[in-house]
Amino acid sequence: RNAVPVAVAIGFAELDSEQVHQIKYNETIAQQKTALERNYEVIAGTAAEYESIYHLDLTTKICRRYAVSENLDDIRKMQDVHPENNIKQDIAAFAQNCVHPDYQKSIEEWCTVEFISNVLKDKTRWAKRFLRKFGDHYEWMEFVLMKSGEVDGKPSAATVGIRNVEKDVQEENRKQGDLEQALQMAQAASRAKTTFLNNVSHDIRTPMNAIIGYTGLAISHVDDTKQVKEYLTKIGQSSGHLLSLINDVLDMSRIESGKMNLNEKPENLSAIIRTLNDIVNADVLSKQLNFSVKSVDVNDETVVCDKLRLNQVLLNVVSNAIKYTPVGGSISLNVKEIAVTQTGYGCYEFRVKDNGMGMGEDFLKTIYDPFTRVNSSTISGIQGTGLGMSITKSIIDMMGGTIDISSKVNEGTEVTIVFNFKLNIN
């Protein structure tokens, strides 16, 4: 490094040819050492990603295998024991001993000068994956070619790197699996909504036809007070059913948009159960069902809750029991207070059991999915949107409760709902 400034100061004319040659030689060696040191720095920087790095001169077909380490001193030492070699022979041994049989020929082909020159002719990087053996298992690796020199528009040198991409592949597979699952869910939801539209169209048409029909009959019998009253009663029943269908659709829309809120205040559980009993009494009598309501160890009847939503949950479950229980069947609603350790709170279990048509295991897996019904109304004659249990589950989740359903076909269904309510203690 000191030779160059001296040469500049005194001029090359004052030196003989041997001295000039020596100065230029020293300068070249210094530049080569600097370039080599930079190469070592590059190797250290990529050591965390690549487990093997080669430099291939495509003109001389000479290859050098670089020892890979994140420590510069280790790299400087290890390069001395890795002389220039033939990459084809090196890779051939690697392929035979370490690579999955399906990729051995490919690896050997990728390392030929002809292949590398051709693939890097119009690109700066090329990569392919293969399986490498590690003990008794295989992991995904990536074989990378990078153009590192060019003469007259043609690649003159290439860097060959081999790196482990097993974690990348696993992550890609996980994401692919998530995408496929999301696609399947979207397709299932689309099919369910199509089925829902078919079912709800029929369900809405039925009460609408009744309303229109009985309205026409009422008009034609306007002078017959008794007959008109009967027609108006049936119109009211059909209107109520139509309204319940529309309310289900609106509730589901509010839940999906996150606009359903709870209005919690002190309420009396006994009053809620009595109201529920009054609402379903007409349906119970019409089907000649044995409906029993029982309270067990309920000491704290006044709780803080959303009365409307609690009533909606219980009404949905009891209404389903009434729908799917044949004439003369039995339904029970048991309310039980369970001991808790949290001061100021009470735990309440609502258990609805029937001996109706029941459900199979396959349907139970999808019972909370929107627009899902055990049978369409066109088949069973039982009307509904298929939104009831989805709405029920969403409300229970909002209220911090749990729901569990057990059922067997032709034996009946048991629904257990548990809530932790804050007690209204004065």
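Biologist: Which residues does Arg-163 touch, not counting residues up to four places away in sequence?
Modeller: Keep in mind that this is a predicted model. Arg-163 sits in strand E6, residues 154-164. Leaving out residues up to four places away in sequence, Arg-163 touches Glu-49, Tyr-50, Glu-51, Arg-125, Met-141, Glu-142, Val-144 and Asp-168.

Biologist: Does Arg-163 count as buried or exposed, and why?
Modeller: A buried residue has under 20% relative accessible area. Arg-163 has a relative accessibility of 15%, so the label is buried.

Biologist: What is the C-alpha to C-alpha distance between Arg-163 and Glu-142?
Modeller: Glu-142 is one of the residues that Arg-163 touches. The two are 21 residues apart in sequence. In space, C-alpha to C-alpha, Arg-163 and Glu-142 are separated by 5.3 Å.

Biologist: Let us step back to the whole chain. What percentage of its contacts between residues at least 6 apart in sequence join residues at least 24 apart?
Modeller: The chain has 13 helices and 13 strands. Of its 426 residues, 36% are buried. Among contacts between residues at least 6 apart in sequence, the share joining residues at least 24 apart is 62%.

Biologist: Which residues are in contact with Phe-419, leaving aside neighbours within four places in sequence?
Modeller: With its neighbours within four places in sequence set aside, Phe-419 is in contact with Leu-310, Gly-346, Cys-347, Tyr-348, Phe-350, Ile-396, Met-399 and Gly-401.

Biologist: At what angle do H9 and H10 pack?
Modeller: Several residues of H9 meet H10, including Leu-269, Ile-272 and Ile-273. By class, this contact has 12 nonpolar, one polar and two charged residues. The crossing is right-handed. The axes are 10 Å apart, and the angle is about 35°.

Biologist: At what angle do the axes of H10 and H13 cross?
Modeller: H10 covers residues 307-323, and H13 covers residues 388-398. H10 passes H13 in a left-handed crossing. Their axes come within 10 Å, and the crossing angle is roughly 145°.

Biologist: By class, what residues make the contact of H10 with H13?
Modeller: From H10 come Arg-309, Gln-312, Val-313, Asn-316, Val-317 and Asn-320. From H13 come Gly-388, Met-389, Ile-391, Thr-392, Ile-395 and Ile-396. Sorted by class, the contact has one charged, five polar and six nonpolar residues.

Biologist: Which residues does Gln-312 touch, not counting residues up to four places away in sequence?
Modeller: Gln-312 lies in helix H10. Its relative accessible area is 14%, so Gln-312 is buried. Its C-alpha atom is separated by 9.6 Å from that of Gly-388, 76 residues away along the chain. Not counting residues up to four places away in sequence, Gln-312 touches Asp-251, Ile-391 and Ile-395.

Biologist: Which residues of H13 are buried?
Modeller: H13 has 11 residues, and eight of them are buried, so this helix is largely enclosed by the rest of the structure. The buried ones are Gly-388, Met-389, Ser-390, Ile-391, Thr-392, Ser-394, Ile-395 and Ile-396.

Biologist: What is the phi of Gln-288?
Modeller: Most residues other than glycine have a negative phi. Gln-288 is not a glycine, yet its phi is positive.

Biologist: Where is Asn-410 found?
Modeller: Asn-410 has a positive phi of about 65° although it is not a glycine. Asn-410 is exposed, with a relative accessible area of 65%. Its place is the loop between strand E12 (402-408) and strand E13 (412-423).

Note on methods:
Residues are numbered from 1 along each chain as its sequence is written. This is a predicted model: local features need pLDDT of at least 70, side-chain atom pairs count only at pLDDT 80 or more; totals for chains, interfaces and linings use all residues. Side-chain values use heavy atoms; hydrogens and water are left out. Helices (H or I, at least four residues) and strands (E, at least two) are DSSP runs, numbered from the N terminus. Buried means under 20% relative accessible area, exposed over 50%, partly exposed in between (1.4 Å probe, protein chains only). Contact means heavy atoms within 4.5 Å. Axes are lines fitted to C-alpha atoms, for helices over the stretch in contact, and angles run from 0 to 180 degrees between N-to-C directions. A crossing is left-handed if the near helix is turned anticlockwise from the far one by less than a right angle, and right-handed if clockwise. Ala, Val, Leu, Ile, Met, Phe, Trp, Tyr, Cys and Pro count as nonpolar, Asp, Glu, Lys and Arg as charged, and the others, Gly among them, as polar.
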